[in-house]
Amino acid sequence: MQKRITLLGSTGSIGDSTLDVVARHPQRFSVYALTAHRNGDKLVDQCLRFAPEVAVVGDAATAQDVERKLRAAGSKTVVSYGPQALIDVAKSDACDTVVAAIVGAAGLEPSLAAAKAGKRILLANKEALVMSGDIFMDTVRDSGAVLLPLDSEHNAVFQCMPRDGAQHGGVTKIILTASGGPFRTREPSTLVDVTPEQACKHPNWSMGRKISVDSATMMNKGLEVIEAHYLFDLPGDRIDVLIHPQSVIHSMVSYADGSVLAQLGNPDMRTPIAHAMSFPDRIDSGVAQLDLAQVATLNFEKPDYERFPCLALAMKALAEGGVASATLNAANEVAVEAFLNRRIGFMAIAQTVDAVLNALQNRSATSLDVVLEADAAARRAAHKIIDSLPVPA
Ligand code: NAD
Ligand code: MG
């Protein structure tokens, strides 16, 4: 049966890769809704190509502009805007599959709405799980939703996990691989001077700006440890991080009998996306087959927590539990944006997150409101700290 898709965040990097896979399989997939924030022109192009029933944007002015351009081109796509419109397309009876690819905390409520509505959710928006892991996973369980990870590491782990029916899975550890980003070997004392352009230049992956900076600080891997904890129900001390600069092994699972299962492939998000979209079937993703003879060498090393303090901060937040990881996430979002706007230096990202975690009291994440309050408080605290920092030269 054809799957009908709501793609949240269609104009981003994951959005592009998802639509590339959709276009390869018109019999399998059709698009119910596409959503963007401000990039109206790109959304118009996507609507003309994929003819969704609904398109959602961030504000009224963008909606008006998109609507005018769509009508001029003869499109019947209905345009709406704002946070409630995102929730509406995520839970609509007209779709069965929701690809959650909005970046940051803005993705939480629509992703959660899809979970409540029992959808098949393909989750790229790791921030949603980092903020509200227990609430999210409980919602998935209660509604019977199916949650499939798109993040390449978690998709790899999912592929390497014991199959249904094993009485005793025997999983000892998850090993998340990390490329180490663009600054893996850079002299640490020079990191204060790096620019947004340098930080966004990832050696192996082409991604949105926020996750690119997170990869450069390795906060991304820290968020992924938290994500893995909730997805696979393992404590933080059974989730290892291993630097693997080639990004060919996307992650591994180690077992009690000494086996280690790994998923390999060229670094291209269309592989995990195609896997999750067609699971349990396998379909063509457009990604070239891996040529190991050409890769020739796979290297591994331990992460350097001094060079990458954000990784240690995320591990600490996970160990503390409660709203600490929502606080970490919000402070990081504010700090990354300030770095991208050249308001603070690269090393001030970790300093800001650390200071916010120290300044705010942790509490149990008993409800979504409590999580959203923690998120707002962390944003206020981060802005205050950033206001007190000098503008980089
Ligand atoms: P991106 O910046 O390229 O795209 C983000 C999308 O979200 C865009 O469509 C944008 O319009 C939309 N958006 C941004 N702010 C919004 C808001 N306030 N309200 C509604 N929509 C908003 O980001 P990306 O690289 O595609 O990443 C998306 C998510 O997937 C992130 O959570 C990221 O961590 C995760 N992820 C990305 C990759 C990758 O390779 N890009 C890999 C793994 C996980
Ligand atoms: Mg990842």
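Tutor: Let us begin with a loop. Proline 280 is found in the loop between α11 (270-278) and α12 (292-295). Please bear in mind throughout that this is a predicted model.

Student: What is the peptide bond from phenylalanine 279 to proline 280, cis or trans?

Tutor: The general idea comes first: most peptide bonds are trans, and most residues other than glycine have a negative phi. Here, the bond that links phenylalanine 279 to proline 280 is cis, its omega being near 5°.

Student: Let us turn to the sheets. In what order do the 7 strands of the open sheet stand?

Tutor: The order is β4-β3-β2-β1-β5-β6-β7, and the pairing is parallel. At the edges stand β4 (78-81) and β7 (146-149); each has a single partner strand, so one side of each lacks a neighbour in the sheet. On average, neighbouring strands of this sheet are turned by 25° against each other, direction ignored.

Student: How many bridges join β3 to β4?

Tutor: Strand β3 (residues 54-57) is joined to β4 by 4 bridges, and the two run parallel. Valine 57 has tyrosine 81 in β4 as its bridge partner.

Student: Which strands does helix α2 touch?

Tutor: Helix α2 (residues 40-50) packs on the sheet and touches β2 (29-35) and β3, with a direction at about 160° to that of β2. Helix α4 (residues 83-91) lies across β1 (3-8), β2, β3, β4 and β5 (97-100), and runs at about 160° to β1.

Student: What is the strand order in the open sheet of 4 strands?

Tutor: That sheet has the order β9-β8-β10-β11, and its pairing is mixed. Its edges are β9 (239-243) and β11 (260-264), each with a single partner strand, so one side of each is left without a neighbour in the sheet. From one strand to the next, the twist averages 20°. As a case of one pairing, β8 (residues 171-178) and β10 (residues 249-255) are antiparallel over 4 bridges. There, valine 171 has tyrosine 255 of β10 as its bridge partner. Helix α7 (residues 152-160) lies across β8, β10 and β11, at about 40° to β10.

Student: Now the ligand. Which residues come nearest to ligand 1?

Tutor: Of the 22 residues around ligand 1, the nearest are Thr11, Ser13, His37, Glu127 and Gly208. By class, the shell holds 11 nonpolar, 8 polar and 3 charged residues. Helices α1 (13-24) and α6 (126-143) each supply at least two residues of this shell.

Student: Where do backbone atoms approach oxygen atoms of ligand 1?

Tutor: One such place is serine 13, where a backbone N or O atom lies 2.9 Å from an oxygen atom of ligand 1. For glycine 9, a polar backbone atom is 3.3 Å from a ligand oxygen, and for alanine 124 the distance from a backbone N or O atom is 3.4 Å. As for burial, ligand 1 taken alone exposes 820 Å², of which the protein buries 86%.

Notes. Residues are numbered from 1 along each chain as its sequence is written. Chains are lettered from A and ligands numbered from 1 in the order in which they are written. This is a predicted model: local features need pLDDT of at least 70, side-chain atom pairs count only at pLDDT 80 or more; totals for chains, interfaces and linings use all residues. Side-chain values use heavy atoms; hydrogens and water are left out. Two strands pair if DSSP finds at least two bridges between them. Axes are lines fitted to C-alpha atoms, for helices over the stretch in contact, and angles run from 0 to 180 degrees between N-to-C directions. Contact means heavy atoms within 4.5 Å. A residue is near a molecule or strand if one of its heavy atoms lies within 4 Å of it. A polar contact is a pair of N or O atoms within 3.5 Å; within protein, one must be able to donate a hydrogen and the other to accept it, and residues adjacent in sequence count only if both atoms are side-chain atoms. Accessible areas come from the Shrake-Rupley method with a 1.4 Å probe; for residues, only the protein chains shown count as cover. Ala, Val, Leu, Ile, Met, Phe, Trp, Tyr, Cys and Pro count as nonpolar, Asp, Glu, Lys and Arg as charged, and the others, Gly among them, as polar.
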